[in-house]
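Me: I would like to learn how to read a protein model one feature at a time. Could you give me the general idea first, and then the case at hand?

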Amino acid sequence: MSAWLEPFADELLSSWLERRRRGHPPPFDANFRAYQDAKGHWHHPDVHPQQAMIHAIAARYDAAPDKISHLALGFRYRKISDPFIAWHYFPPDYPVWGSIPQPTLRRAWCSRCLAEDFAADRTAYIRADWVVAALSFCPRHRWPLLDRCITCGSGNWTIKRATRGPPRMFCNNCHRSLERAHPKALEVEVVARPFWDKIAAFEAALRGALGEKVPNQFRFNNTSARQLLEETSEICLLLSRCHARLALRDLLFERFASPALTLSQDCYQDLPYEMPLALAEVPLRRCVLAICAAILDSSFETGNVWEEDGEPALDLLAQIASDSAVDRFVRDRRACSSTLERQVSAARQRNERRERIWQLRHAVKSLESLFRSTV
Ligand SMILES: [Zn+2]
Ligand SMILES: [Zn+2]
C-alpha cells in the first residue's frame, strides 16, 4: 500500500475515504452521511461512525477496525459535543413540519497546511481539526482558518487531481487552488500576531479540554475541562440570545470584529440562536472565540490592536445578557467555575458603580442647567 493510501495521523475519516475512493469505488459510499439514533438525535460518521460502517470500511480496504475508529473525531476528542462541531446546519430538537435536511459538517482549511502539502509533493487532505468549532486558527501554524475562497468568496471546493503533481484543493467556482495565504492575513500579521497568539492559546486550551485535559490552572484558576467548555458554550449562548440590549452587543462585537480577526470579510451573518459557535462562519466564530478568551483567559490582553479598550468584555456581557440567565448559569457548579462566578459578581459591582456615577453626573448637569436658568 502506498504511503498516500494510508490515513494521515491528523486526517478526518471522510477525507481518507475520499482519497481512497479516487482509486477504488467504495461499497458504503451512499451511507457516509449523518444518521439519527433511536432517540432521534443526529450524529455524523466523521464524529461517531457506526460499528457496522467501521467494519465495512475495514473489510473494503483491508485495514484494522481500530485504525479506522481512531480517525473519528469522537475518539480524538472524548468530550466533543454538537456545539463544538462545525456544522452548516443542524436540525432543531423540536419537531419541524416537512422534511428536514441532514446536518453536514462545515469544513474550513488552513492555507499554510495546504501549502506544506504542496511543497512536500504530498496529496492535499482535510485535517480533523478543521471541523472543530472551538478552533478558528490552525493549531499547527496559529494561522487563521478560512471557509471561503480568497479570490471569489465561494465556500464550495474539492480536492482533485492537478495538471502536475499530487491532488490539490481547488475552488469549484473560480478553479483556483486554495493553498495561497489570505492577502489581508499577510498584511495584518505583524501587528495582529500577538493578538492571534492569545486567541490561538485559548483555542489550544479548549482543544485540550475536548481531549479531557485539565486547563492550565495559572490561566484558568480552579476550572475543570468540563467547566471551560461549558463556560465557552454558555457565553456564546448568552450573546446570541440577548434581544433586549442589541446596541450593547453591537458595541462588543464592533470591538472584536476588527480586520485583524475578520480579515475584512463581512460578518454579515447574525449570531445563530442555537449553537452559535458551531453554526457561525469562520470570521464570526473567530470574533466570538476572541470574546470568550477575553472573558475567561487570565493571560489574555488585546495589545495594541485597539486604540481604546473601554470596559472589560465581562462587564459588557453582564449588561448584555439577561440577569436571570446569568444567575442560573453561575449557580450551576458543573457548568461554571467558582472563579468565573466571583468575576461575574465583581463585574456586576463595577457596572453598578458606573451606573451610579452616570446618574450623579446626570443629576449635576440638570442642577447646573437649572441654576443657570434661574440666575
Ligand atoms: Zn496549518
Ligand atoms: Zn474561488
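Me: How many residues of domain 1 are in contact with domain 2, and how many residues of domain 2 take part?

Reply: Please keep in mind throughout that this is a predicted model. The protein is divided into domain 1, covering 3–171, and domain 2, covering 190–358, and 26 residues of domain 1 are in contact with 28 residues of domain 2. On the side of domain 1 that touches domain 2, the residues by class are 18 nonpolar, 1 polar and 7 charged. The C-alpha centres of domain 1 and domain 2 lie 28 Å apart.

Me: What does the protein come to in helices and strands, and what does its C-alpha trace span along the principal axes?

Reply: The secondary structure comes to 14 helices and 6 strands, and the C-alpha trace spans about 95 × 45 × 45 Å along its principal axes. Of the 375 residues in the protein, 40% are buried. If one takes the contacts between residues at least 6 apart in sequence, 65% of these join residues at least 24 apart.

Me: How are two packed helices described, and at what angle do the axes of α8 and α12 cross?

Reply: In general, two packed helices are described by the angle between their axes and the distance between the axes. Here the axes of helix α8 (residues 246–256) and helix α12 (residues 313–320) come within 9 Å and cross at roughly 160°. Since angles over 145 degrees count as roughly antiparallel, α8 and α12 are therefore roughly antiparallel to each other. The crossing in which α8 passes α12 is left-handed. On the α8 side the contact is made by Leu248, Arg249, Leu251 and Leu252, and on the α12 side by Ala313, Leu316, Gln319 and Ile320; by class, this contact has 6 nonpolar, 1 polar and 1 charged residues.

Me: How is α8 oriented to α11, and which residues make that contact?

Reply: The axes of α8 and helix α11 (residues 282–296) come within 9 Å and cross at roughly 100°, an angle which means that α8 and α11 are roughly perpendicular to each other. The residues in contact are Leu252, Phe253 and Phe256 of α8, together with Cys287, Ala290 and Ile291 of α11, and by class they comprise 6 nonpolar, no polar and no charged residues.

Me: At what angle do α6 and α11 pack, and into which classes do the residues of their contact divide?

Reply: Helix α6 (residues 183–210) and α11 pack at an angle of about 80°, with their axes 9 Å apart, and that makes α6 roughly perpendicular to α11. In this contact Lys198, Ile199, Phe202 and Glu203 in α6 meet Leu289, Ala290 and Ala293 in α11, and the residues divide into 5 nonpolar, no polar and 2 charged.

Me: Is cysteine 292 buried or exposed, and which residues does it touch?

Reply: Cysteine 292 lies in helix α11, and it is buried because 26 other C-beta atoms lie within 10 Å, where 20 or more are needed to count as buried. Not counting residues up to four places away in sequence, cysteine 292 touches Thr232 and Ile235. Cysteine 292 and lysine 198 are 94 residues apart in sequence and 11 Å apart in space, C-alpha to C-alpha.

Me: What is phi of serine 264, and where does serine 264 lie?

Reply: Phi of serine 264 is near 65°, again a positive value in a residue other than glycine. Serine 264 lies in the loop between α9 (259–262) and α10 (276–279), and with 15 other C-beta atoms within 10 Å it is partly exposed.

Notes:
Residues are numbered from 1 along each chain as its sequence is written. Chains are lettered from A and ligands numbered from 1 in the order in which they are written. This is a predicted model: local features need pLDDT of at least 70, side-chain atom pairs count only at pLDDT 80 or more; totals for chains, interfaces and linings use all residues. Axes are lines fitted to C-alpha atoms, for helices over the stretch in contact, and angles run from 0 to 180 degrees between N-to-C directions. Helices (H or I, at least four residues) and strands (E, at least two) are DSSP runs, numbered from the N terminus. Angles under 35 degrees count as roughly parallel, over 145 as roughly antiparallel, 65 to 115 as roughly perpendicular and the rest as oblique. A crossing is left-handed if the near helix is turned anticlockwise from the far one by less than a right angle, and right-handed if clockwise. Two residues are in contact if their C-beta atoms, placed from the backbone, lie within 7 Å. Ala, Val, Leu, Ile, Met, Phe, Trp, Tyr, Cys and Pro count as nonpolar, Asp, Glu, Lys and Arg as charged, and the others, Gly among them, as polar. Domain bounds come from an automatic or database domain assignment. A residue is buried if 20 or more other C-beta atoms lie within 10 Å of its own, exposed if 12 or fewer, and partly exposed in between; C-beta atoms are placed from the backbone.
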